[in-house]
Amino acid sequence: MSISHLVANDPEIPVSNIIQEVQVLFQIGCTYKRAWYARKFAIERVFGSWDTTFSILPKYLQAIHDLNPGTIYEFFHHRTSSPPNYVFKFVFWCFLPCIDRFPYCQLVISADGTHLKGPYKGVLLIAIHRFCLRHIRANFNKTFKNTNLKSLMWQAGTETKQWKFDRLDPEKWTLLHDGGHRHGIMTTNISEALNSVLKKARVLPLKALVELIFNKLVKYFHQHREEAENCVHPFPTRIFDKFLRLK
């Protein structure tokens, strides 16, 4: 198996694995630096280079939009740049199936970010609406470094009794003052789970990154549609009524 095949299966394959593979294939030693560059060149061979991806990405997103009308995307450039030499800042996209299915989800938007690797650093963000109590607790513990206080912090965030509150601007992170918008969801575990799914894509050029996300979403929607079509259990009436009100 070549290095390119290994990278195609796992773009974030450890450099140590590359070194071992070289030793097995060619019966020679390999330094860490050479193995790192071998992985980099293999990624470019399989997925395209980081330098060309910025020019390909607009055409690719437009192609997705043309084949999936309703998909939206927007490029933003640095204010100091001007045509024809725009300096890329960030890009936003949302695929049509996600837009269409959003009314049927609990109206809680969480967010998380994962740092991209490669020659151009960046962050892949997945939206924010409410603060994550787990992150607040972690930041709280960094300052006070006390296990008991950390536990009390969580109890405060999940409290629902008014008499136990009188300050701390709790609208964004407590159930009591949330107006029912959180539906009891106190963490960003869902978005972090998606970030975990996309972990191996962090080393990919942008175009390949978008393509991977698109293909995974298509796979998930197809899988869930089949599960729904083959479901034999009755749909809860109260939940169905809620969906009708949303529409």
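These legends go with several close-up views of the predicted model.

The model is a prediction, so to speak, with local features needing pLDDT of at least 70 and side-chain atom pairs counting only at pLDDT 80 or more, while totals for chains, interfaces and linings use all residues. Residues are numbered from 1 along each chain as its sequence is written, and side-chain values use heavy atoms, with hydrogens and water left out.

**View 1. The whole fold, for orientation.** The protein has 10 helices and 4 strands; both are DSSP runs numbered from the N terminus, with helices being H or I over at least four residues and strands being E over at least two. Read from the N terminus, the order of elements is α-α-α-α-β-β-α-β-β-α-α-α-α-α. Of the 247 residues, 27% are buried, and here buried means under 20% relative accessible area, exposed means over 50%, and partly exposed is what lies in between (1.4 Å probe, protein chains only). The protein exposes about 16,900 Å², with carbon and sulfur atoms supplying 58% of that; the areas come from the Shrake-Rupley method with a 1.4 Å probe, and for residues only the protein chains shown count as cover.

**View 2. Inside the largest nonpolar core.** This core holds 33 residues, and Trp93 and Val210 have the most contacts inside it. Helix 1 (3–9), helix 2 (15–26), helix 3, helix 4 (50–67), strand 2 (88–94) and helix 9 each put in at least two residues. Helix 9 gives the largest share, 6 residues. To count as a nonpolar core, buried Ala, Val, Leu, Ile, Met, Phe, Trp, Tyr and Cys residues must be joined through side-chain atoms within 4.5 Å. In soluble globular proteins, nonpolar side chains tend to be buried together.

**View 3. The neighbours of Trp93.** Leaving aside residues up to four places away in sequence, Trp93 touches Leu61, Ile72, Tyr73, Leu124, Val210 and Ile213. A contact here is heavy atoms within 4.5 Å.

**View 4. Rings meeting rings.** The count is 5 aromatic pairs. Tyr73 and Phe75 make an edge-to-face pair, with ring centres 6.1 Å apart and planes at 85°. Tyr73 is partly exposed at 23% relative accessible area, whereas Phe75 is buried at 17%. Phe95 and Phe214 are also edge-to-face, with centres 5.1 Å apart and planes at 70°. Phe95 is buried at 4%, and Phe214 is buried at 17%. Elsewhere, ring pairs tie Trp36, Tyr37 and Phe41 into a cluster. The pairing rule takes rings of Phe, Tyr and Trp (its six-membered ring) with centres within 6.5 Å; planes under 30 degrees apart are stacked, over 60 edge-to-face, and the rest tilted.

View 5. Lys40 and Glu44 form a salt bridge, their closest N and O atoms being 3.0 Å apart. Both sit in helix 3 (residues 32–47), 4 residues apart, about one turn of the helix. Glu44 is partly exposed at 25% relative accessibility. The rule asks for a side-chain nitrogen of Lys or Arg within 4 Å of a carboxyl oxygen of Asp or Glu, and it gives a count of 2 salt bridges.

View 6. Lys207 and Glu211 meet in a salt bridge at 3.1 Å, N to O. They are 4 residues apart in helix 9 (residues 206–229), about one helical turn. Lys207 is partly exposed at 22%, and Glu211 is partly exposed at 28%. Lys207 also lies over the face of Tyr60, 4.9 Å from the ring centre; that label needs NZ of Lys or CZ of Arg within 6 Å of the ring centre and within 35 degrees of the ring normal.
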